[in-house]
Amino acid sequence: MDAVRYREVFPSRAVEVVGALDLPVSGAGRVRPRRLPAWTRSQMPSENFDFVVSMTSGVRIVTRTAATVIELVADFVSIAPPGIEPAPVVLELVVEGVPRARRVVRVDHSTLVDPERYAVRRQGEPAAVRFSGLEPGEKTVELWLPHTCAVDLLEIRSDAPLRTAERSRPRWVHHGSSISQGGEASAPTRTWPVVAARLAGVDVLNLGFSGNAVGDPFVARTIRDLPADAISLEIGINVVNGDLMRRRAFEPVMHGFLDTIRDGHPDAPLLLIGPIPCPSVESLPGPTVIRGGMAASAGDPRQLAEGAMSLSVVRDALAAVLRNRRDDALHYLDGRALLRPAEVSDLDDGLHPNARALVRMGQRFARTAFAEGGPLAPRLARSASR
């Protein structure tokens with residue numbers, strides 16, 4: 001077995017955990033990356049949101065090294081009801097921008113938490129995930145963490161020293177729902193925001209939070225305070241799924257969210273993305289439930305006359321918000337351009353795009369938003385030339 005003589009304990013100055021905004025250290029010497037700043041924890045409305053923030057979609061460990069062997073020691077924490085297997089835990093190694101290898105962590109090594117109370121149901125053991133056979137010589141290595149679970153980082157080992165890598169690509173900040181978090185993707189670099197970012201040559205911060213893209217002010221303040229060359233927002237489906245607000249509240253919430261972002265980014269390209277198709281709530285209100293493995297509306301259609309929200313209402317409301325803002329750098333993309341109505345068979349549960357569809361969505365987003373003349377392109381071109 002190849003020797004791993006060098007050892008870095010997290011947090012480490014030799015590696016950067018990109019895509020995380022908080023790296024809290026527990027008493028056990030573990031670091032659990034979180035995709036929102038520490039100050040937001042006191043404003044979290046639920047244990048669900050708190051856990052989703054720690055799921056490492058888009059989070060990667062970046063370093064510069066001549067190592068031919070890299071090994072990550074971590075505990076992988078998955079949501080799983082009793083009797084149901086958790087989603088696969090996949091790590092991916094990218095060397096000089098090229099995906100080289102994937103590793104799947106065995107389920108019996110994972111820590112499992114209950115999806116209702118988020119208490120530990122089964123404590124796993126830390127796993128050592130090894131990537132060997134890397135080419136010798138200095139190179140930038142990215143170890144993409146799983147997009148389907150939380151991760152407690154312990155240490156990273158190698159057969160050559162690690163040091164911080166320089167990063168100079170333009171920065172794209174994206175906020176969205178589970179569709180953006182991408183739990184159905186086949187690997188961490190196959191969620192649609194990461195597919196789009198890799199094609200466009202940008203660094204993405206994926207603030208896709210399953211079930212929790214509803215216009216929370218602390219998320220808007222986070223985006224306001226981040227460096228960003230381009231910003232996009234995918235908001236709507238979670239509002240309907242949870243039956244969380246009426247149109248009377250939704251439009252002011254969206255105005256407030258956009259106003260807060262503009263306080264920190266007055267002229268950055270900002271793209272508002274409307275919902276992709278979801279047949280069960282296109283014209284019916286939420287809440288959404290799962291029946292027989294498929295999404296279904298449990299709402300009362302009569303409530304639409306009183307301001308309840310379907311996806312059609314969401315799209316109309318977003319259009320009204322855009323009409324009432326004087327902002328030449330604010331743009332709109334109908335989500336049905338990313339996943340077309342004729343492709344709803346790729347919503348395996350009637351709600352979430354499957355792995356194939358997520359890749360297609362990322363490719364279409366890159367062609368639409370980042371190509372020359374696209375709504376997110378102007379600032380990116382200036383940033384790349386610096």
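Analyst: Start with the contact between H6 and H7. In H6, Arg247, Phe250, Glu251, Met254, His255 and Leu258 meet Val313, Val314, Asp316, Ala317, Leu318, Ala320 and Val321 in H7. Contact means heavy atoms within 4.5 Å. By class, this contact of H6 with H7 has nine nonpolar, one polar and three charged residues. Here Ala, Val, Leu, Ile, Met, Phe, Trp, Tyr, Cys and Pro count as nonpolar, Asp, Glu, Lys and Arg as charged, and the others, Gly among them, as polar.

This is a predicted model, where local features need pLDDT of at least 70 and side-chain atom pairs count only at pLDDT 80 or more, while totals for chains, interfaces and linings use all residues. Residues are numbered from 1 along each chain as its sequence is written, and side-chain values use heavy atoms, with hydrogens and water left out. Helices (H or I, at least four residues) and strands (E, at least two) are DSSP runs, numbered from the N terminus.

Now the geometry. Two packed helices are described by the angle and the distance between their axes. H6 covers residues 247-264, and it packs against H7 at an angle of about 45° with the axes 10 Å apart. The axes are lines fitted to C-alpha atoms, for helices over the stretch in contact, and angles run from 0 to 180 degrees between N-to-C directions. H6 and H7 are therefore oblique to each other. Angles under 35 degrees count as roughly parallel, over 145 as roughly antiparallel, 65 to 115 as roughly perpendicular and the rest as oblique. The crossing of H6 past H7 is right-handed. A crossing is right-handed if the near helix is turned clockwise from the far one by less than a right angle, and left-handed if anticlockwise.

Is alanine 319 buried, partly exposed or exposed? Alanine 319 has a relative accessible area of 34%, which means that it is partly exposed. Buried means under 20%, exposed over 50%, and partly exposed in between (1.4 Å probe, protein chains only).

Five strands form an open sheet in the order S14-S13-S15-S16-S19, with parallel pairing. S14 (203-208) and S19 (330-333) stand at the edges; each has a single partner strand, so one side of each is left without a neighbour in the sheet. Direction ignored, neighbouring strands of this sheet are turned by 15° against each other on average. Strands of a sheet pair through backbone hydrogen bonds, either parallel or antiparallel. Two strands count as paired if DSSP finds at least two bridges between them. S15 (residues 230-234) and S16 (residues 270-273) pair in the parallel sense over four bridges. Serine 232 has leucine 271 in S16 as its bridge partner. H7 packs on this sheet and touches S16 and S19. The direction of H7 makes about 160° with that of S19.

Follow the chain on from S16. Cysteine 278 is found in the loop between S16 and S17. With a relative accessible area of 1%, cysteine 278 is buried. What does cysteine 278 touch? Leaving out residues up to four places away in sequence, cysteine 278 touches Ile237, Leu311, Leu347, Gly350 and Leu351. Isoleucine 237 is 41 residues from cysteine 278 along the chain, yet their C-alpha atoms are separated by 8.4 Å.

S17 (residues 288-291) and S18 (residues 294-297) pair in the antiparallel sense over four bridges. Two residues lie between S17 and S18 in this hairpin, and glycine 292 in the turn has a positive phi of about 60°. Isoleucine 290 has alanine 295 in S18 as its bridge partner.

H3 (residues 192-200) and H8 (residues 355-370) pack at an angle of about 45°, with their axes 7 Å apart. That makes H3 oblique to H8. H3 passes H8 in a right-handed crossing. The contact of H3 with H8 divides into 11 nonpolar, two polar and no charged residues.
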